[in-house]
Amino acid sequence: MSWTVRQIRDVPKTGPHWRSLRLELGVQAFGVNSTHGHAGDLIVLEHDESLTGYEELYVVLTGHASFEVNGEETDAPAGTLVFVHDAGARRRARALRDDTEILTIGAAPGEPFERSGWEYAYEVSSYVNAGDYGAGLERAREILLEYPYDWPVLYWAACCAARLGRRDESLELLQRAFELEPTVAQTAALQPAFDSIRGDVTAALA
Amino acid sequence: MSWTVTSLDAVSSRTGWRPLRIELGGEAFGVNSWHGGAGATLVIEHDEVLTGHEELYDVPSRHARMEVNGEAVDAPAGTIVFVGDPGARRLAVALVDGTEIFTVGAEPGAAFTRSGWEIAYELAEHYEAGSYERALELSERALVDHPTDWAVLYWAACSSAQLHRFDEALDYLRRAAELEPTIAPRAETQPAFDPIRAQVEALLA
């Protein structure tokens, strides 16, 4: 079959909010994913696209969201397009209403599309959410050979290592993630995987 | 400003085409949207052989009917249709007023370049506004980089005909029809060709 039809709401989520449309549909030419959540949910995590060099277009398909780009807030009801062409711009989005869905398209100008580490990070996080920490860490190591600076993959690898009781490995992975992305400290502070090494984590990310 | 905010409704056009990529200044993928009332053709029948693009269609509002390789697809709001094969023929029609179809396209394994399709829609805007000279000038420029883009050739033919440059119009139309079979039925109902109707019919017979 050379074409595929789906209802976005039927595409299963990886984690609490993310639908990996690109993988589901088999798209090879651009990144495309969707995030869904309810009032108050942070459905686009704060991040930039420095690692990928991507331009990103966010389309609010349903509900109502609030975006923040480089600290500037913008109201985003259904039908709003937020285009961030500066890969270094920090962006995030929060759902203001239940059933808010944001479609995201991304690719780097002047380059053939390559799968981003972000997508891999969601893959690793799905192992964590399923409790399969060994497989998650193994997959993360494979990915990190190709994307050694991908902080979300490093972060989820650290979670897996912590769950497996590999304290030193977890702390090293977490520190590498933190050096690349400072918001890792806040995310890690709320991550139950690090509860058993909480003191070390707090010290490492201080 | 490193980012831009707009809404689908704010990007308007005479032809129902919203040139989102141009409006937003995107350079990494093609992105456009179409809107129209019940019965309107939102995506004209075409394939993407010339561009090699994969295309993703999303219906953000109302209800459309799509057809891919002759197979009908019901597409209410929330539907996504991904056409991975550039050779697949596809079209979309609005079933209710205010239907919108949002489209993203790019070629796998290649850096994004602006497609002739986008240029053709830009030409159509000038044409519909009666700016035939401008449309022809832009067509000629576009054909340097996209000499086999039948949509650009078609609008060049229409513009030439409106400017009474009939030999030129027939030449552009012949080249377009050689590349795309649906040119013939389209040209049949195109008023620009009325003064040269007999020659057009002979050419496309």
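Predicted model: local features only at pLDDT ≥ 70, side-chain atom pairs only at ≥ 80, totals over all residues.
How far apart do the C-alpha centres of domain 1 and domain 2 of chain A lie? They lie 22 Å apart.

**Inside chain A**

Let's start with the bounds: domain 1 of chain A covers residues 8-107, and domain 2 covers 117-204. Twelve residues from domain 1 and eleven residues from domain 2 make up the contact. On the domain 1 side, A:T14, A:W18 and A:L51 lose the most area to domain 2, together 43% of what that side buries.

If you like to look for charged pairs, there are two salt bridges across this domain interface. The side chains of A:R22 and A:E119 meet in a salt bridge, with 2.7 Å from N to O. Two residue pairs are in polar contact across the interface of domain 1 and domain 2 of chain A, both residues of each pair being at pLDDT 80 or more. Helix α1 (21-25) and strand β5 (42-47) of chain A are the elements that give two or more residues to the domain 1 side. By class, that side of domain 1 has three nonpolar, four polar and five charged residues.

**Between the chains**

Now turn to chain B, which brings 44 residues to its contact with chain A, while chain A brings 41 residues. In chain B, the residues that lose the most area to chain A are B:W3, B:I80 and B:F82, together 21% of what that side buries.

Here the count of salt bridges is zero, while 15 residue pairs are in polar contact between chain B and chain A, again with both residues at pLDDT 80 or more. Several elements of chain B each supply at least two residues to the side touching chain A, among them β1 (3-7), α1 (20-24) and β10 (99-106). That side of chain B has 26 nonpolar, twelve polar and six charged residues.

Strand pairing also links the two chains: β9 (residues 80-84) of chain A is joined to β1 of chain B by five bridges, and the two strands run antiparallel. Within this pairing, you can find A:F83 opposite B:T4 of β1 in chain B.

| Interface | Buried area | Share on carbon and sulfur atoms |
|---|---|---|
| Chain B and chain A | about 3500 Å² | 67% |
| Domain 1 of chain A and domain 2 of chain A | about 1000 Å² | 61% |

Technical notes
Residues numbered from 1 in each chain as written. Chains lettered and ligands numbered in written order. Heavy atoms only, no water. Contact = heavy atoms within 4.5 Å. Buried area = accessible area lost by both parts, 1.4 Å probe. Salt bridge = Lys/Arg side-chain N within 4 Å of Asp/Glu carboxyl O. Polar contact = N/O pair within 3.5 Å; in protein donor to acceptor, adjacent residues only side chain to side chain. Helix = DSSP H or I, 4+ residues; strand = E, 2+ residues; numbered from the N terminus. Nonpolar A, V, L, I, M, F, W, Y, C, P; charged D, E, K, R; others polar. Pairing = 2+ DSSP bridges. Domains from an automatic or database assignment.
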